[in-house]
Amino acid sequence: MTTTTSTARSRARGRRTAVEGHRGKVVLPGDAGWDEARRAWNLYVDQRPAAVFFPESADDVAAAVRHARDAGLRVAVQGTGHAAAPLGDLSATCLIRTTHLRDVRIDATARRARVEAGAVWDDVVQPATKAGLTALHGSSPDVGVVGYSLGGGIGWLGRLYGLAANSITAIELVTPDGEHLRADPSTDADLFWGLRGGGGNFGVVTAVELELFGLEQVYAGWLMWDWERAQDVLGRWAEWTRTAPETITSIARILRLPPLDFIPEPIRGRDLVVVEAAYAGSEEQGVELLRPLRALRPEMDTFAAAPAEALARLHQDPEGPTAGIGNGALVDDLTPGTIDAFLAVAGPGSGSPLVSVELRQLGGALGRAAPDGGALSHVEAGFASYAVGIPTDADVARAVDNHVELVNGALALWSSGRAYANFAEKPVDPRSLFPAEAYDRLRALKRRVDPAGLLHASQQIPAASDVA
């Protein structure tokens, strides 16, 4: 796209009426409501696109894609804006916000859900629960279903059922040519493969169909200790994960909680080491599984039998727009040396300004190639890390950003150099996101469906003719 930014914005403004001939709404710089329209879920990210479009239907999306292309703009898609930071400069991009596409339909007999692109996980979990089913949702109820699933999707049931991307059975999308189509195992199977893991590189997804699972009850909760116990707790947890069955998924994290009123009094203003876990089995079996961790005598223990829907809020991620600076990494193994390095930058005496630094247990079905999986069918790592802080002012923002990278650097010795898109809050080398063969296939697919690079994705895959 060689059109200058000012010219692109002028053309976008001139085409407002044509796009709004459909039911969608165009918001341009200077319009009333502009700041709200461009706002991402992550309030730290200052998005400034050339235009923001709110479609009401798939036809609206197709019209927006065609008119953005004609105006010399690229196209980015956003449901909630949780992963807004890697998008970077949007000044020559039309941002399509799928906020109004929230329809969710549950087919209990087929164990399927059709989910429009603006739906969040709470929109799916609640009606699925009424049918005695659950989905492979993430750790936050207000994360967008489509973005999460197209990027892979590591959730509480991942070690048992695998990545959320592999639970997608069909995808409805608008291509860069403005064509609305459906991709599934029998209709453009190559595109269907690439979308599952390739994110927003191949089209504007308007809806997905997902497999649901027959799980109604879990045993889940938190174990908490003062962070001075972190060395013992993380060492025991790492040893415990080596033999834990695939029916249980766990997270260990360092929490430095601010003294804010909405935080429960027993942990308000505390520095803690926490182990969270979800077990897809009985309470009796869960109690036995956790015995080695409980032997360390946690200060607080919230584990209990709970309906499966409770997993959507188990991690206690903030709900609603929040400012944050974070980034993640993949870790192959947790050795005593790994734990020492981790605690040196995140534990007592580290000077860490981060609110949360976590290690998520992978393996199980997450680590096995799914026979009919997508471009990212599994994750070749033992653990995923994610570090985040709250940028309350410019000085704190710099300190948080520096310390997030310090955490990643400390863990790099135990990493193969691979990355996971949903935890990458900065652009990464796209070759690090996929196995080499899959990456080459994705580049060929990009050349076929989007050779001009119309689509502006969070983690951009170059076409086969471009420089990798």
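This is a predicted model: local features need pLDDT of at least 70, side-chain atom pairs count only at pLDDT 80 or more; totals for chains, interfaces and linings use all residues.
Residues are numbered from 1 along each chain as its sequence is written, and side-chain values use heavy atoms, leaving out hydrogens and water. Local features need pLDDT of at least 70 and side-chain atom pairs count only at pLDDT 80 or more, while totals for chains, interfaces and linings use all residues.

**View 1. The second largest pocket has a volume of about 470 Å³.** A pocket is an open set of points on a 1 Å grid over the protein atoms alone, where a 1.4 Å probe fits, with protein on both sides within 12 Å along at least five of seven lines. Its volume is the space filled by probe spheres set on the points. The lining has 20 residues (an atom within 4 Å of a point). Arg39, Phe54, Gly79, Arg97 and Thr99 lie nearest the centre. Strand S1 (25-27) and helix H3 (34-38) each give the lining at least two residues; helices (H or I, at least four residues) and strands (E, at least two) are DSSP runs numbered from the N terminus. The lining splits into 8 nonpolar, 6 polar and 6 charged residues. Ala, Val, Leu, Ile, Met, Phe, Trp, Tyr, Cys and Pro count as nonpolar, Asp, Glu, Lys and Arg as charged, and the others, Gly among them, as polar.

**View 2. Helix H9 (residues 230-241) crosses helix H12 (residues 336-346) at roughly 140°.** Their axes come within 10 Å. Axes are lines fitted to C-alpha atoms over the stretch in contact, and angles run from 0 to 180 degrees between N-to-C directions. H9 and H12 are therefore oblique (under 35 degrees is roughly parallel, over 145 roughly antiparallel, 65 to 115 roughly perpendicular, the rest oblique). H9 supplies Ala230, Gln231, Leu234, Gly235 and Ala238 to the contact; H12 supplies Ile339, Asp340, Phe342 and Leu343. Contact means heavy atoms within 4.5 Å. The residues of this contact are 6 nonpolar, 2 polar and 1 charged.

**View 3. H12 also packs against helix H13 (residues 394-411), crossing at roughly 165°.** The two axes come within 9 Å. That angle makes H12 roughly antiparallel to H13. Thr338, Ala341, Phe342 and Val345 of H12 meet His403, Leu406, Val407, Ala410 and Leu411 of H13. This contact has 7 nonpolar, 2 polar and no charged residues.

**View 4. Helix H8 (residues 189-198) packs on helix H14 (residues 436-449) at about 120°.** Their axes are 10 Å apart. Asp190, Leu191, Trp193 and Gly194 come from H8. H14 brings Ala438, Arg441, Leu442, Leu445, Arg448 and Val449. The classes are 6 nonpolar, 1 polar and 3 charged.
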